[in-house]
Amino acid sequence: MSTTGPSAAGRTATEYRIEDLAHASGATVRTIRAYQDRGLLPTPERRGRANVYRDTHLARLRQIADLLDRGYTLASIKELLEAWDTGRGLGGVLGLVAEVHGPWTDERADRITRAELEVKFGGRPDDEAVSEAVELGVLEPIPGRDDEFLVPSPQELAVAVELYAAGVPLSAISGHLRELRGQVEQIASRFLEFTTEHVFARYLGHRPPTDADAAEAASMVRRLRPLAQQTVDAELARAMRTFATRHLEHHLAAEGPFTAHSALPPPTSVALPAATITAVERLVGRENAGSFITAAAEREVQARTLDALASSHNNSPTVDQTT
């Protein structure tokens, strides 16, 4: 058991045998000894045949566990701890780590039961589709709860629900998500390379960074964090506007499938019967007739596109029922 004894300041200090330290820290005795051999833990006090550990050892074990959870290797952890021990500071580095590992979105995770999933996706159980959703990270199993899942991004699940309700098979949705994820990861990687080259290189050019440089880098992460999403949102909106217009004009005036490389067809006038225009004007008013006809045309194009997507998968032996 741990014991207490008088400290230099007249207060009691906790002392641990190695077994007690392991219990308090959650590490194994073998792990603690391995950390000692690597120089990650201060040398314990030798008292007779036993080693005596103190709260400083417990705090160090918790620091190591936290850094391991954040993805650091034992070699890099040793560098960080040596920097701390020589007075160069670790507070700024830990602040930078916390900033990078913090949430990159305001969205909050949610939970969903297996029964709720089945209701959202056709009402029939589909173990294969659930497994694929778990593999993609759309769902995460909850230990001890076989009938419930964590949903890291409720928005992503909601998109799948809407597409499925519109007639898109979930096999197509999951395939599209895989493709989209790869493209987005390339964007994220390029943004990090760009900002590292032009911003963070001056703070992180040496290992480990000084406490002041790490703190400044953490501040820059807070400032730059929203820029990637804002840029992607703006560019996606621009691209969607451009290609949606091309899709509509292509489907109204041309035959054959549309691709992102399809040439933009020349403007084409579409003649509508006078009776149709008159009926629309009576329904929504003359000033709203143009907007109504445009919206109706877009809706028809969308319906035909979804029908084409669904029909392209008619030969599949099964259709997924959940994401």
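Accessible areas here come from the Shrake-Rupley method with a 1.4 Å probe; for residues, only the protein chains shown count as cover. By that method, the protein chain exposes about 21300 Å². Carbon and sulfur atoms supply 55% of it.

This is a predicted model: local features need pLDDT of at least 70, side-chain atom pairs count only at pLDDT 80 or more, and totals for chains, interfaces and linings use all residues. Residues are numbered from 1 along each chain as its sequence is written, and side-chain values use heavy atoms, with hydrogens and water left out.

**The chain as a whole**

The protein chain has 12 helices and seven strands. Helices (H or I, at least four residues) and strands (E, at least two) are DSSP runs, numbered from the N terminus. Of the 323 residues in the protein chain, 28% are buried. Buried means under 20% relative accessible area, exposed over 50%, and partly exposed in between (1.4 Å probe, protein chains only). A contact means heavy atoms within 4.5 Å. Among contacts between residues at least 6 apart in sequence, 57% join residues at least 24 apart.

**Helix 1**

Helix 1 spans residues 18-25. Its buried residues are Ile18, Asp20, Leu21 and Ala22. Gly26 follows helix 1, with a positive phi near 85°.

**Helices 8 and 9**

Helix 8 (residues 154-165) packs on helix 9 (residues 170-198) at an angle of about 140°. Their axes are 10 Å apart. Axes are lines fitted to C-alpha atoms, for helices over the stretch in contact, and angles run from 0 to 180 degrees between N-to-C directions. Angles under 35 degrees count as roughly parallel, over 145 as roughly antiparallel, 65 to 115 as roughly perpendicular and the rest as oblique. Helix 8 and helix 9 are therefore oblique to each other.

On helix 8, the residues that meet helix 9 are Glu156, Ala160, Leu163 and Tyr164. Helix 9 brings Leu170, Ile173, Leu177 and Arg181. By class, this contact has six nonpolar, no polar and two charged residues. Ala, Val, Leu, Ile, Met, Phe, Trp, Tyr, Cys and Pro count as nonpolar, Asp, Glu, Lys and Arg as charged, and the others, Gly among them, as polar.

**Two residues and their partners**

Ala133 lies in helix 7 (residues 127-136). Ala133 is buried, with a relative accessible area of 2%. His251 lies in helix 10 (residues 211-253). At 36% relative accessibility, His251 counts as partly exposed. Each has a partner in the table.

| Pair | Apart in sequence | C-alpha to C-alpha |
|---|---|---|
| Ala133 and Leu157 | 24 residues | 9.6 Å |
| His251 and Ala297 | 46 residues | 9.8 Å |
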